[in-house]
Amino acid sequence: IESHMGLLDRVKKRWMEASFETAGTEAFWGRSAATLVLYRDLRRLLAEHARGRILDAGAGTMPYRKLVMTWCSEYRALDLEKVHPAIDYVADVQRMGIPEESFDTVLCSEVLEHVPDPLQALAECRRVLKPGGKLILSVPFVWYLHNEPNDYYRYSHHGMDVLLKKAGFRVLVIE
């Protein structure tokens, strides 16, 4: 009996292939309506809030690097593995090992659902931010399981408000 990959498994496999093939290009954002909306929202938030040195915490294939450099003077990438050759820090977002107050902006997009202790990850983001620095964060509310078995949480805006305040952030806006 030949084993066949189920439809969901094929979709996940093709999604990952497309993600790696298109990372850093406009095509990366056109993979779905959800990623296009994420791109538009992040572009607006980055234009309004991103400045100076920025840390992309959970950078993966670094799809935001080109976009971020429109407003920031320096881009640094952190990920758990060296998924992209230009990753600067190979570390867990829960224990970055980066000196305190190193960055003006931290971008953490679509990462917290993969972190066993999201409060610790947010506290680390807060620790590496300079006084007055800003965290730009995106998390899923409805999305299929991915990067299994490391897909732990989905977040409402109420839950994010609680976590961010517990981590020491003053919340400007949650959308």
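Which helix does leucine 7 lie in? The answer is H1, the helix that covers residues 7-22. Keep in mind as we go that this is a predicted model. Leucine 7 is exposed, because its relative accessible area of 59% is over the 50% cut-off.

Five strands make up an open sheet, and reading across it you get E3-E2-E1-E4-E5, with parallel pairing. The edges belong to E3 (89-90) and E5, each of which pairs on one side only.

Strand E4 (residues 103-109) runs parallel to strand E5 (residues 129-138), and six bridges join the two. To find your way along this pair, look at threonine 105, whose bridge partner in E5 is lysine 134; then look at serine 109, which is partnered by serine 138.

Nonpolar side chains tend to be buried together in soluble globular proteins. Here, the largest nonpolar core has 25 residues, and those with the most contacts inside it include Leu55, Val106, Leu122 and Leu135, along with Phe169. Two or more residues each come from strand E1 (53-57), E4, H5, E5 and helix H6 (157-166). H5 gives the largest share of this core, with four residues.

Methods:
Residues numbered from 1 in each chain as written. Predicted model: local features only at pLDDT ≥ 70, side-chain atom pairs only at ≥ 80, totals over all residues. Heavy atoms only, no water. Buried < 20%, exposed > 50% of the residue type's maximum accessible area, 1.4 Å probe, protein only. Pairing = 2+ DSSP bridges. Core = buried A, V, L, I, M, F, W, Y, C linked by side-chain atoms within 4.5 Å.
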